[in-house]
Amino acid sequence: MCGVFYIDQDSVLEVRKFVTEVDQRIPAMDFSKDIHPTDPAPVITGNRNGLRLSCQRWGYPGYQKSGVIFNARAESVQEKRLFQNGIRYHRAVIPAKHFYEFWIIMMAVRP
């Protein structure tokens with residue numbers, strides 16, 4: 001389950017070739033970096049008019065509005081109340097150059 005992905009400006013330009021609508025914030029954003037949970041990210045969604053490229057926050061609000069949830073297990077996602085509407089009615093494509101785990105390891109240093 002990967003929490004960080006990378007996208008670059010060339011990838012965004014490629015996506016713009018097949019979408020019918022582009023959010024006005026997209027051209028002004030720098031997409032040559034890692035996208036971490038809560039960062040704005042380009043997202044492709046569809047409707048009757050075609051595909052739309054928009055900018056959305058990466059992740060779901062956490063329980064009691066604290067923290068963020070950014071992944072789910074495929075085998076249980078339809079059973080989890082948090083993800084039920086999203087998986088059924090709000091599908092999206094996240095363009096990414098690559099994705100990976102990002103762990104911050106904190107070590108206690110003894111005096």
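# Strands, aromatic pairs and salt bridges

Student: Which residue in strand 5 stands opposite Gly-46?
Tutor: Strand 4 (residues 40-47) and strand 5 run antiparallel and are joined by eight bridges; two strands count as paired if DSSP finds at least two bridges between them. Strands here are DSSP runs of E with at least two residues, helices are runs of H or I with at least four, and both are numbered from the N terminus. In strand 5, the residue opposite Gly-46 is Leu-51.

Student: What pLDDT do side-chain atom pairs need in order to count?
Tutor: Residues are numbered from 1 along each chain as its sequence is written, and side-chain values use heavy atoms, with hydrogens and water left out. The model is predicted: totals for chains, interfaces and linings use all residues, local features need pLDDT of at least 70, and side-chain atom pairs count only at pLDDT 80 or more.

Student: How many residues lie between strand 4 and strand 5 in their hairpin?
Tutor: The two strands run antiparallel. They form a hairpin, and the number of residues between them is two.

Student: What is the pattern of helices and strands along the protein chain?
Tutor: The chain has two helices and eight strands. Read along the sequence, the pattern is β-α-β-β-β-β-β-β-α-β.

Student: Which residue in strand 8 stands opposite Val-4?
Tutor: Strand 1 (residues 4-7) and strand 8 run antiparallel, with three bridges between them. The residue in strand 8 that stands opposite Val-4 is Tyr-100.

Student: How many residues apart in sequence are Phe-5 and Trp-58?
Tutor: The two rings form an edge-to-face pair, 5.1 Å centre to centre with 80° between the planes. Rings of Phe, Tyr and Trp (its six-membered ring) pair if their centres lie within 6.5 Å; planes under 30 degrees apart are stacked, over 60 edge-to-face and the rest tilted. Phe-5 lies in strand 1 and Trp-58 in the loop between strand 5 and strand 6 (60-61), so the pair ties together parts whose separation in residues is 53.

Student: Are Phe-5 and Trp-58 buried or exposed?
Tutor: Buried means under 20% relative accessible area, exposed over 50%, and partly exposed in between (1.4 Å probe, protein chains only). Phe-5 has 4% and Trp-58 has 18%. Phe-5 is buried, and Trp-58 also counts as buried.

Student: What is the angle between the ring planes of Tyr-60 and Phe-83?
Tutor: Tyr-60 is in strand 6, and Phe-83 is in the loop between strand 7 (68-69) and helix 2 (84-89). Tyr-60 is partly exposed at 31%, whereas Phe-83 is buried at 11%. Their centres are 5.0 Å apart, and the edge-to-face angle is 90°.

Student: What is the N to O distance in the salt bridge of Lys-97 and Asp-8?
Tutor: A salt bridge is a side-chain nitrogen of Lys or Arg within 4 Å of a carboxyl oxygen of Asp or Glu. Lys-97 lies in the loop between helix 2 and strand 8, and Asp-8 in the loop between strand 1 and helix 1 (9-16), 89 residues apart. Asp-8 counts as buried at 12%. The N to O distance is 3.7 Å.

Student: Which residue forms a salt bridge with Arg-52?
Tutor: Arg-52 lies in strand 5 and its partner in strand 2, so the pair ties together parts that are 31 residues apart in sequence. Arg-52 is partly exposed at 26%. With the closest N and O atoms 3.0 Å apart, the partner is Glu-21.
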